[in-house]
Amino acid sequence: MPTSPFAPKTALDRLMLPVDVPTVAEAEKLVAQTEGHVGVYKIGMELQFAGGLEFARELAEGGKKIFLDVKLHDIDNTITKAVRNVAKMGMTFMTLHAYPKTMRAAVKGLQEEGNPNLCMLGVTVLTSMDEDDLVAAGYRGPVADVVEVRARDARAAGMGGIVCAATEAEKLRPILGDELVIVTPGIRPSGSAADDQRRVMTPADAIRSGSDYLVVGRPISKAADPGAAARSVVDEIAAALS
């Protein structure tokens, strides 16, 4: 199977840091503290609504890999046009919910824009959700079954990868092959609190299970020395790869 053009090359490449802070000033500080120790900076909704979109664009222009975590889901025409605009921003990754029509519309927008450098990621089931949450939302079947269906849909739609819990990566790798990358949030180094995540795993175990990229947030951003915390995670990833 062909290897994804978005596959990481080094241990450092694999670490994604969410810049989940309320202001651009705080975001600038966190990026400065972790400069050279993080492969990808993830800009989520909190910062997006406080000047984060322009900040993300500036970081990309400065040579950093940026993950725009927008989790798009809307009517087809809106998704297609939104993706065309995101493709002009210099982002490396972006997310949308892994519904078949949404993903197909997104792929259409990317093809129309002609940008092969944007990896679109289908969010399967949020890692803050468990079986009870899915039932409450009206879904049937275990989380793992829903995730598998959405992973298959993502591949059929021509997406660049998926977002899922690391606990599901091993089962999904044969389905996705090497053509799609797997991004896993809910990563907690040994001894870290799970916080609001339900389906968690350590960095080393996530790598061994088939994850390509690891999203590690509060254990780094809330550390006394975020740069040192990031280096420690990268060291754990490297050890798991060796």
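1. Glu 236 is partly exposed, because its relative accessible area of 22% falls between the limits for buried (under 20%) and exposed (over 50%), with a 1.4 Å probe and protein chains only. The model is predicted, with local features needing pLDDT of at least 70 and side-chain atom pairs counting only at pLDDT 80 or more, while totals for chains, interfaces and linings use all residues. Residues are numbered from 1 along each chain as its sequence is written, and side-chain values use heavy atoms, with hydrogens and water left out.

2. Glu 236 belongs to helix 10 (residues 226-241), where helices are DSSP runs of H or I with at least four residues and strands are runs of E with at least two, numbered from the N terminus. Leaving aside residues up to four places away in sequence, Glu 236 touches Pro 189, Thr 202, Pro 203 and Ala 204, contact meaning heavy atoms within 4.5 Å. A polar atom of the Glu 236 side chain lies 3.3 Å from the backbone nitrogen of Ala 204.

3. Turning to helix 6, its buried residues include Val 143, Val 146, Glu 148 and Arg 150, and the buried residues of this helix pack against helix 4 (100-113), helix 5 (131-136), strand 6 (161-163) and helix 7 (166-176). Just after helix 6, Gly 158 has a positive phi of about 90°.

4. The axes of helix 4 and helix 6, which are lines fitted to C-alpha atoms over the stretch in contact, with angles running from 0 to 180 degrees between N-to-C directions, come within 9 Å and cross at roughly 25°. Helix 4 is therefore roughly parallel to helix 6, a description that applies to angles under 35 degrees. Pro 100, Met 103, Arg 104 and Val 107 of helix 4 make the contact with Arg 150, Asp 153, Ala 154 and Ala 157 of helix 6.

Technical notes
A polar contact is a pair of N or O atoms within 3.5 Å; within protein, one must be able to donate a hydrogen and the other to accept it, and residues adjacent in sequence count only if both atoms are side-chain atoms. Angles under 35 degrees count as roughly parallel, over 145 as roughly antiparallel, 65 to 115 as roughly perpendicular and the rest as oblique.
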